[in-house]
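I opened a new notebook page for this structure.

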Amino acid sequence: AVARGAVVRWKLNYFHVSAGFIQYQWRRFARRQLLTSSTTKIQTLYRSVSSRQRFLRLKASATKVQRLYRGFFLRRWLAQLSLSATVIQSSWRRHSAQNSYLLELLDLKSAVLIQATFRMYTQRMDYMIVKFAADKIQRCTRGLLVRLDVATMNLAALDIQKTWRSYSCTVSFQRIINGVVNIQSLFRRANARKQFEEMRILHWSDVCFRRRKVVVIQKAIKEYMHRKQMHHAAAVIQSAFRFYSQLKQIQLVSRGMIQLQSVFRGSRVRTTRSKRVAQIAQRIELESRRALNNPAMCLGNRTDRALYVLQTSQSLTKIMDAVKELEASTRLSVVCCQVFTKVHAADILLQLIQSCNRSVPHMELKEHILLTLENVAQYPSLVASFAHFRYAEVFLDNVQVFRDKDGIFCLAVSLLDRISKVNDSVAQFCATHEHLKRLKEVYRVVGRHRLHHREGEKGSHKGRISNKYPLKKRNDFNRDSTIKILGEMIETFSALEPLPTPQRNNVFNFDMKAASK
């Protein structure tokens, strides 16, 4: 009996220690989670209540077992057990009272936090409503003011155009009347001359007939026909010249009116623009003047400097800047593209492409190089400078390796399509079994990826976000049209009779002296 009492007391003490440890952990967790949401605290409170209920059920079971055990076996030690029970009950009451106080304190704090959160939410909603209304009023007011300004400008432009059109119509009508009068006078003069010449010919024919001089009659007829042709040619030339002069006058007047309208609209915009826009325009004008006064900012000098850096430098940063300048100059000037092809810079760029890997800086460099080649390839007379099977092999490798990168993939496919259309040997090279198999496999993979991408777009808006690497250049590549071009190339290459595959050469052999020239 003593052992069982000790076991029961040990279990009760274990429950007390467990409850104390649970309370300690809960208090520490509550201190750490003061800023959490009310939902988490309500769940925690529910779990603590359920744990307490389980503990109360266990306690009631233990108390009932003790009561039966004491009532049946330990009536002789009633006084001692009563004293023990009194001690246990006092401890338990203290513990239960302490738990009740802590739970009430926790409920109070949770209620205060919920009330504060709700009040903050209501105040924020009121503020957002007021802010939305103010933004709406400002937007409507600004739109109304802009529409009024645009309507005023349109009315002024319409008045100017109406006045000018009426003036131009009046002048044109007067010129037409003068031209009709001149034409009538010329026509009457031509008829009079014709009649005079006919009468003169009749007179000469009569005289010649009388004198039987046939030679004189033939000469007179030839002179008459020659004069008639000369008069007709002069009339055609005069009409063409008058039409051209009138057209030039109308064009000059129209250009003057367009310039007048542009000056008026520019002055109107400059007077009504904000201070910030005026500062930006002033800065742009200053930078434009500085660029015009600085010869180093010209496209030709920048192109020469970039080509020199490509031939001499080994630094990735300098090469990247040089390729960017080449891309900009070839995009803006056809002369720079011609210089690019004359110095055989495509060989250097293709060698740089071969030395690049899949790191982000190298992929950015590769995309700028392909953009430069694409700018040069826009001109049919220049694309033949790098329409060779060596370049086609490099483009094939990039299409296969970088099929998951939109920029490099689209540019490589476009360049491969351009050089295959210019040079038939490149098309025959791509039509070999090995390269055609590579293109078909890439087309199958990208087609399947496009199908999955469309299915993902139907299920979620997150599928519309492109997983490209962060590049600093344009990202408006149309992958669907590129895949269509790839399919058309595969069909074209499949219809060709392939030539023997040339020996693969991983290093481009180009003359640096020729490139430096």
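**Charged pairs**

I looked up the salt bridges and got a count of eleven. I keep in mind that the model is predicted.

I checked accessibility next. Lys324 is partly exposed at 27%, whereas Glu364 is buried at 10%.

I then looked at Arg331 and Glu327, whose side chains meet in a salt bridge of 3.0 Å, N to O. They sit four residues apart in helix 7, about one helical turn. Arg331 is partly exposed at 43%. Glu327 is buried, with a relative accessible area of 3%.

Asp406 lies in helix 13 and Arg479 in helix 16, so the pair ties together parts 73 residues apart in sequence. Both Asp406 and Arg479 are buried.

**Helix 7**

I went back to helix 7, residues 316-332. Its 17 residues reach 24 Å from first C-alpha to last, close to the 24 Å expected. Its buried residues include Ile319, Met320, Val323 and Leu326. What covers the buried residues? I found helices 6, 8, 9 and 10 among the elements that do.

**The core**

I looked up the largest nonpolar core and found 63 residues. Phe386 is among those with the most contacts inside it. Helix 13 gives the largest share of this core, nine residues. I listed what Phe386 touches: Leu373, Tyr391 and Ile419 are among its contacts.

Definitions and conventions. Residues numbered from 1 in each chain as written. Predicted model: local features only at pLDDT ≥ 70, side-chain atom pairs only at ≥ 80, totals over all residues. Heavy atoms only, no water. Helix = DSSP H or I, 4+ residues; strand = E, 2+ residues; numbered from the N terminus. Expected span 1.5 Å × (residues − 1). Buried < 20%, exposed > 50% of the residue type's maximum accessible area, 1.4 Å probe, protein only. Contact = heavy atoms within 4.5 Å. Core = buried A, V, L, I, M, F, W, Y, C linked by side-chain atoms within 4.5 Å. Salt bridge = Lys/Arg side-chain N within 4 Å of Asp/Glu carboxyl O. Lists of a residue's contacts leave out its neighbours within four places in sequence.
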